[in-house]
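Work through the exercises below with the model open beside you. Try each task before you read its solution.

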Amino acid sequence: MSELVEPFFSKPLQLLNMVKDIQIMDLERPDECCGFGGTFCVAEEAVSAKMGKDRVDDHVKNGVEYITSADMSCLHMEGILKRRGSSVKVLHIAGILNT
Amino acid sequence: MSANTANHVELSDIFNEDEQRVNWHDETLWWIRAKRDKAAFKIPEWELLRDTASQIKNNVLSDLHNYLIEFETKAKSNGIIIHWAADAAEHNKIIYSLLLRKGVKQMVKSKSMLTEECHLNEYLASQGIEVIDSDLGERIVQLAEEPPSHIVLPCIHKKKEEIGEIFHKHLGTEAGMSDLQVLTETARIHLRETFLNRKLALTGVNFAIAETGEFVVCTNEGNADMGAHLAEIHIANMGIEKLVPNKKQLGVFLRLLTRSATGQPITTYSSHFKKPRKGQEVHIVLVDNGRSVQLGRADFRNSLKCIRCGACMYTCPVYRRSGGHSYHNAKSGPIGAILAPNLDMKKYADLPFACILCGSCTHVCPVKIDIHDQLYKWRQVIVKEGYADATKTVGMRLMNLVLSSPKMYRLAGKIGRWFIQYIPSAVNTKYNLWFKHREMPAPPKQPFRDWYKKRHCLI
């Protein structure tokens with residue numbers, strides 16, 4: 001919630017910081033929405049795809065090898081990455097925490 | 001496409017055809033969000049300010065009747081003439097009658113979203129009155145014959161080269177001129193002439209103070225002041241919710257408004273109008289136009305706290321990638337999506353769905369309107385009233401069937417995975433909207449449920 005003038009806190013980040021041997025990369029827009037949304041992903045397909053594309057670009061630009069999320073957005077971003085043949089992989093956070 | 005069939009999905013589809021332009025639009029608006037963040041983070045008590053403003057506005061809405069009467073009494077005792085308009089049509093008629101009475105055929109107007117809401121310009125044009133918008137952004141879209149796309153930055157959707165073309169066509173600048181200094185100078189000269197000649201000026205109202213009967217107009221250009229001080233008649237129009245109880249509380253709002261709108265500490269001009277100068281008439285038109293109906297909606301009355309900063313728009317990732325015009329309403333973006341359905345639920349049924357409920361709008365709102373909660377609630381109302389998209393209604397009913405039965409859900413999963421694995425051409429088609437820009441998800445070796453059961457020795 002980068003809009004709020006409050007000390008920064010992210011529960012998923014706190015959990016990931018407890019995992020060995022991973023490095024968390026910074027993004028240009030830390031909490032911009034990826035655009036999956038639910039039925040939005042097909043109901044407003046043009047905007048959803050564009051948002052996903054931009055979100056993925058932010059990660060790729062910052063040297064990310066794995067994108068992770070705590071919801072179904074991973075499907076949306078993975079779909080976009082696979083479409084462009086990218087080597088960036090996507091993992092649900094449960095998959096990382098379960099290792 | 002006629003205005004009646006305009007909807008956000010189709011309009012934003014068109015907007016997204018030019019990806020470079022979408023990138024430019026998105027980055028331009030994000031830059032303002034970044035400026036706003038810088039300004040807000042300079043004030044350690046920012047969240048307290050937001051909370052205070054929110055509570056003041058809650059108080060105003062809870063006693064609107066009495067505050068309005070107080071305001072009217074005080075303003076009248078200061079020599080201001082008060083008019084009440086129940087709806088847009090009455091608002092337009094009142095203003096026209098004032099013009100008629102004085103035989104005025106030309107009017108200068110500073111920014112007023114209320115006039116957009118009431119379609120005043122079109123009405124007056126049909127009565128033979130010429131209206132010049134003095135806010136530079138508004139003037140540009142007026143010359144371009146377009147509606148504004150953002151409530152604070154009306155022509156943010158136009159690049160300076162395009163503005164240069166508009167000025168070349170209408171104001172005689174050189175073709176291809178896009179130098180900002182030259183364009184601004186041209187606009188100044190053009191508008192100066194307007195200010196000097198117009199007998200009647202219309203301004204909006206940012207805040208009206210019940211305690212003193214005065215009203216405050218905030219501009220960066222001073223165009224409201226130019227117009228008002230040179231005119232014989234100054235008309236100020238305002239929605240009835242624009243009140244603040246007393247002068248001391250105004251400071252809270254002035255600290256929040258411009259930081260939220262553009263990231264500036266304050267607008268160049270924050271002008272207080274209290275008494276007409278000698279020989280001048282000042283009129284205030286107080287407009288309802290659906291506000292009292294909205295006030296009666298418990299879930300949505302908070303939307304009336306809005307101080308029209310526009311922050312919800314530039315922070316909204318959907319707005320940035322679809323543009324103000326795809327909301328086919330003067331009040332676009334998140335706040336437009338919760339105000340417009342109150343006025344015409346059928347016409348604006350698409351707006352609350354043009355949203356991923358990320359909540360950024362709620363977090364930037366200086367008066368803490370629960371915008372994304374209201375967007376969600378409007379969806380329930382719209383569907384119940386039967387204005388939801390037909391395809392979506394059928395789709396949702398089907399989803400409900402599948403998701404409410406564990407057996408159906410497992411079966412649907414099995415069928416889906418089978419198709420993706422063995423007959424991918426059935427899903428990888430242009431009829432599958434998902435497939436337009438994304439690959440389908442790979443079918444897992446086994447569903448999570450089975451993996452979990454095995455793992456925990458439940459099978």
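**Exercise 1: Where two chains meet**

In the model, 28 residues of chain A are in contact with 30 residues of chain B. Here, contact means that the C-beta atoms of two residues, placed from the backbone, lie within 7 Å. The model is predicted: local features need pLDDT of at least 70, side-chain atom pairs count only at pLDDT 80 or more, and totals for chains, interfaces and linings use all residues. Residues are numbered from 1 along each chain as its sequence is written, while chains are lettered from A and ligands numbered from 1 in the order in which they are written.

Task: find which helix of chain A gives the most to the side that touches chain B.

Step 1. Helices (H or I, at least four residues) and strands (E, at least two) are DSSP runs, numbered from the N terminus.

Step 2. Pick the top one. α4(A) gives the most, with 7 residues.

Step 3. Sort the side of chain A that touches chain B by class. It has 14 nonpolar, 5 polar and 9 charged residues. Ala, Val, Leu, Ile, Met, Phe, Trp, Tyr, Cys and Pro count as nonpolar, Asp, Glu, Lys and Arg as charged, and the others, Gly among them, as polar.

**Exercise 2: The fold of chain A**

Task: write down the order of elements in chain A, then judge how compact the chain is.

Step 1. Count. Chain A has 5 helices and 2 strands.

Step 2. Read from the N terminus. The order is α-α-α-β-α-β-α.

Step 3. Compare with the globule rule (2.2 Å times the number of residues to the power 0.38; the radius of gyration is taken over C-alpha atoms). The rule gives 13 Å for 99 residues, and the radius of gyration of chain A is 14 Å, close to that value, so chain A is as compact as a globular protein of that length.

Step 4. Check burial. Of the 99 residues of chain A, 35% count as buried, with 20 or more other C-beta atoms within 10 Å of their own C-beta atom, placed from the backbone.

**Exercise 3: The parallel sheet of chain B**

Task: trace the open sheet of 6 strands in chain B.

Step 1. Write the order. It is β1-β10-β7-β4-β2-β3, with parallel pairing. Two strands pair if DSSP finds at least two bridges between them.

Step 2. Find the edges. β1 (81-85) and β3 (130-133) of chain B each pair on one side only.

Step 3. Look inside. β2 (106-109) and β4 (200-203) of chain B pair over 3 bridges. Lys109(B) has Leu202(B) in β4(B) as its bridge partner.

**Exercise 4: The mixed sheet of chain B**

Step 1. Note the pairing. This sheet of 4 strands is mixed.

Step 2. Name the edges. β8 (243-244) and β9 (269-273) of chain B each have a single partner strand, so one side of each is left without a neighbour in the sheet.

Step 3. Zoom in. β5 (207-209) of chain B pairs with β8(B) in the parallel sense over 2 bridges. Ile209(B) stands opposite Val244(B).

Technical notes. A residue is buried if 20 or more other C-beta atoms lie within 10 Å of its own, exposed if 12 or fewer, and partly exposed in between; C-beta atoms are placed from the backbone.
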